[in-house]
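Trainee: Could we go through this model together? I'd like to see how the labels follow from the numbers.

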Amino acid sequence: MRKLLCTLALTGLLGCGITALAQDASEQSAPATQGPRGRMPSPDQQLEHMTKALNLTSDQQTQIKPLLENQQQQMMQLREDQSLSREDRMTKAQSIHADTKTKIEAVLNDDQKQKYEAMQQKMQERRRGGPGGAAQPQSQPQQ
């Protein structure tokens, strides 16, 4: 009986290990990066969305695509860097995003910049739980 229980326990552990390896392999082959709340769109998907939303010219698309690809590459490297604390990775991720945002805005005209800012604001609200969501708005410093 004891031998049977040990065999069942080992079989269960082995099954869990194989499942974890299969999931790990599927994540590595996926073109999009994994964000904290799900899959992050690929640079091509981001560019397609931006092209529709901002009416980007082909010249603007050519300039923005490498910026999005570079951001994705940096974020993937950051995700794999286990030497940093979670807080340091979050700070670095915000820095990468802000840098990319600045470079993208340099390519946009004034009308596109306003629309892009609105898009970024909506994304921030969704990440924080939206208006009236779980996250509280930051309070203004008192004077």
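Mentor: The protein has five helices and two strands, running α-β-β-α-α-α-α from the N terminus. Helices here are DSSP runs of H or I with at least four residues, strands are E runs of at least two, and both are numbered from the N terminus. This is a predicted model, where local features need pLDDT of at least 70, side-chain atom pairs count only at pLDDT 80 or more, and totals for chains, interfaces and linings use all residues. Residues are numbered from 1 along each chain as its sequence is written, and side-chain values use heavy atoms, leaving out hydrogens and water.

Trainee: Why are H3 and H4 called roughly antiparallel to each other?

Mentor: H3 (residues 58–80) and H4 (residues 86–107) pack at about 175 degrees, with axes 10 Å apart. Angles over 145 degrees count as roughly antiparallel, so H3 and H4 are roughly antiparallel.

Trainee: Which residues of H3 and H4 make the contact?

Mentor: Among them are Leu67, Gln71 and Met75 of H3 and Ile96, His97 and Thr100 of H4; contact means heavy atoms within 4.5 Å. The contact residues divide into nine nonpolar, six polar and three charged. Ala, Val, Leu, Ile, Met, Phe, Trp, Tyr, Cys and Pro count as nonpolar, Asp, Glu, Lys and Arg as charged, and the others, Gly among them, as polar.

Trainee: What makes Gln71 buried?

Mentor: Its relative accessible area is 8%, and buried means under 20% (1.4 Å probe, protein chains only), so Gln71 is buried. Leaving aside residues up to four places away in sequence, Gln71 touches Met40, Gln46, Ile96, His97 and Thr100.

Definitions and conventions
Axes fitted to C-alpha atoms, helices over the stretch in contact; angles between N-to-C directions. Parallel < 35°, antiparallel > 145°, perpendicular 65-115°, else oblique. Buried < 20%, exposed > 50% of the residue type's maximum accessible area, 1.4 Å probe, protein only.
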